[in-house]
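Please have a look at the structure on the screen, and I'll walk you through a few places in it.

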Amino acid sequence: MDHTAAPVLEALDAYRSHGRLAFTPPGHKQARGADEQARRVLGDAVFHSDVLASGGLDDRRTRGHILERAEELMADAVHADHTFFTTCGSSLSVKAAMLSVAGPHEQFLIGRDAHKSVVSGLILCGIDPVWVDPQWDAERGLAHPPSVQAYEEAFERHPRARGALVTSPTPYGTAADLAALADVCHARGLPLIVDEAWGAHLPFHPDLPAWAMDAGADVCVTSIHKMGSGLEQGSVFHLRGDLIDPATLTSRADLLGTTSPSVLIYAGLDGWRRQMRLHGHELLDAALDLAYDARRAIEKIPGLHVYGTEELTGHGRAAALDPLPITIDVRDLGTTGYRVADWLRARRSLDVHIADHRRIVAQLTHADSAATVAALLDGLRDVVAHRDELRDAPTVAVPEPADLRLEQAMLPRDAYFGPVEQVPLDRSPGRIAAEMATPYPPGIPTVLPGERINEPVAEYLRTGIAAGMNIPDVADTSLRTIRVVAEEA
Ligand SMILES: Cc1ncc(COP(=O)(O)O)c(C=O)c1O
């Protein structure tokens, strides 16, 4: 296929050169009706490219097949049979994928380190989750994707399960053994879905962890805006093989999606595919070199420690590591990742991706350069020089791995939609949660609907909030109270 083509970008160019006049949404009509400051800050180019997908970019019956051609090029670039673009993030893509495999009351294997969008899919659809334990690194308090053996055992215990979902890589960059997992599923004639939201770049460089489509997965879901250069909310899902019907997948996405997709986002996906297919290898080569240099330099800063491949991979840990997200342990500074992240933002205008009780994660991509890494290193040296300002951070009571795995006492959907009550957090142990409580980022629920809360987890949430953890999805964001299934229910 001709990967120098970019059908969406070319059609946008043609839209403008034809001087099309729209008597349709969007109502700003090529920026003319937009707020002055919005025009100045965003630039008119944003409004010029914000046109209807059908009846604008393409004709009313999409006879130009513009989106279809862009999707075919993407599929070809990443070794998939079909690719679907969506403009509602991987939050939509992963739900569409799950709902193509399991329906109400059907069992489905899911790693318990799944993102909250997966849990939303369970709630909406009434799927009966069979949780597969991640591999816990108790020393570091960090979860890696579940082992192949854990999936194998879960299938043996739940032979009626309709398939499996794994998150790989995790937001910390650790990856599962996808080829072996695909074999476990395919030996039973069942599909493997990979939530590869953090893996947009993986198809384009051999030194990165295996890409799901190459490893034999049936569907994989990717946020092009996370590790790629698409615009926020730009996501794709890819399909291979014949275990999932493409029409079913399209129908599930249609059920959840918008009828007003953003052409801007489609254009970002189209441009990313061309850029990576033509230049991905050299861009990622440079990014990997930069990441290895950055890792070595950060490791030399006293008080900071970078987790490397030797610590995160191997038996009982992950199968591979993506070096671009750099996980930095700040425990020796006598403070938390929350405090370090807040200090870097306030004092150095640097934003890191994840902050937790003992770490920050600085994400590099192909867009970084020696200059951006130098700014990161300067900021990190500065924060270490000011370590005294960060001391006496409240401690987070991180539960033992076994305590983190709560009993799933009810179906997530039943707990969420049934009668609920709000109880003080310290009286919640023993009660069944009716809402998600998710530290964000990275967005993995600590508690989800239907799980029975225990004392260590309630204490983790209480001390976490006091230390600076962000839990935006609970009804009471102070977490003095939590929503649980009403007693009589
Ligand atoms: C593993 C994982 N899956 C899915 C999502 C949802 O992706 P999006 O933000 O594109 O909706 C995220 C977001 O952080 C994620 O970390």
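Let's start at the ligand. The residues around the ligand are Gly89, Ser90, Ser91, His115, Ser117, Thr167, Asp195, Ala197, Trp198, Ser223, His225 and Lys226, where being near a molecule takes a heavy atom within 4 Å of it. Before going further: this is a predicted model, in which local features need pLDDT of at least 70 and side-chain atom pairs count only at pLDDT 80 or more, while totals for chains, interfaces and linings use all residues. Residues are numbered from 1 along each chain as its sequence is written, and side-chain values use heavy atoms, with hydrogens and water left out.

Ser91 has a side-chain N or O atom 2.6 Å from an oxygen atom of the ligand. For Trp198, that distance to a ligand oxygen is 2.8 Å, and for the side chain of His115 it is 3.5 Å.

Now to the helices. Helices (H or I, at least four residues) and strands (E, at least two) are DSSP runs, numbered from the N terminus. Axes are lines fitted to C-alpha atoms, for helices over the stretch in contact, and angles run from 0 to 180 degrees between N-to-C directions.

Take helix α1, residues 7-17, and helix α4, residues 66-77: they pack at about 150°, with axes 8 Å apart. That makes α1 roughly antiparallel to α4; angles under 35 degrees count as roughly parallel, over 145 as roughly antiparallel, 65 to 115 as roughly perpendicular and the rest as oblique. On the α1 side, Pro7, Val8 and Ala11 make the contact, and on the α4 side Ile66, Arg69, Ala70 and Leu73 do; contact means heavy atoms within 4.5 Å. By class, this contact has six nonpolar, no polar and one charged residues. Here Ala, Val, Leu, Ile, Met, Phe, Trp, Tyr, Cys and Pro count as nonpolar, Asp, Glu, Lys and Arg as charged, and the others, Gly among them, as polar.

Helix α1 also packs with helix α11, residues 263-299, at about 130° and with axes 7 Å apart. The two are therefore oblique to each other. Pro7, Val8, Leu9, Glu10 and Leu12 of α1 meet α11 residues Val263, Tyr266, Ala267, Asp270, Gly271, Arg273 and Arg274.

Last stop: the backbone. Where do we find cis peptide bonds? One runs from Ser168 to Pro169, with omega near -5°, and Pro169 is in the loop between β6 (164-167) and β7 (174-175). Another joins Tyr440 and Pro441, with omega about -20°; Pro441 is in the loop between β16 (420-424) and α17 (455-467). Finally, Gln30 is not a glycine, yet has a positive phi of about 60°. You'll find Gln30 in the loop between α1 and α2 (36-42).

How values were computed: A polar contact is a pair of N or O atoms within 3.5 Å; within protein, one must be able to donate a hydrogen and the other to accept it, and residues adjacent in sequence count only if both atoms are side-chain atoms.
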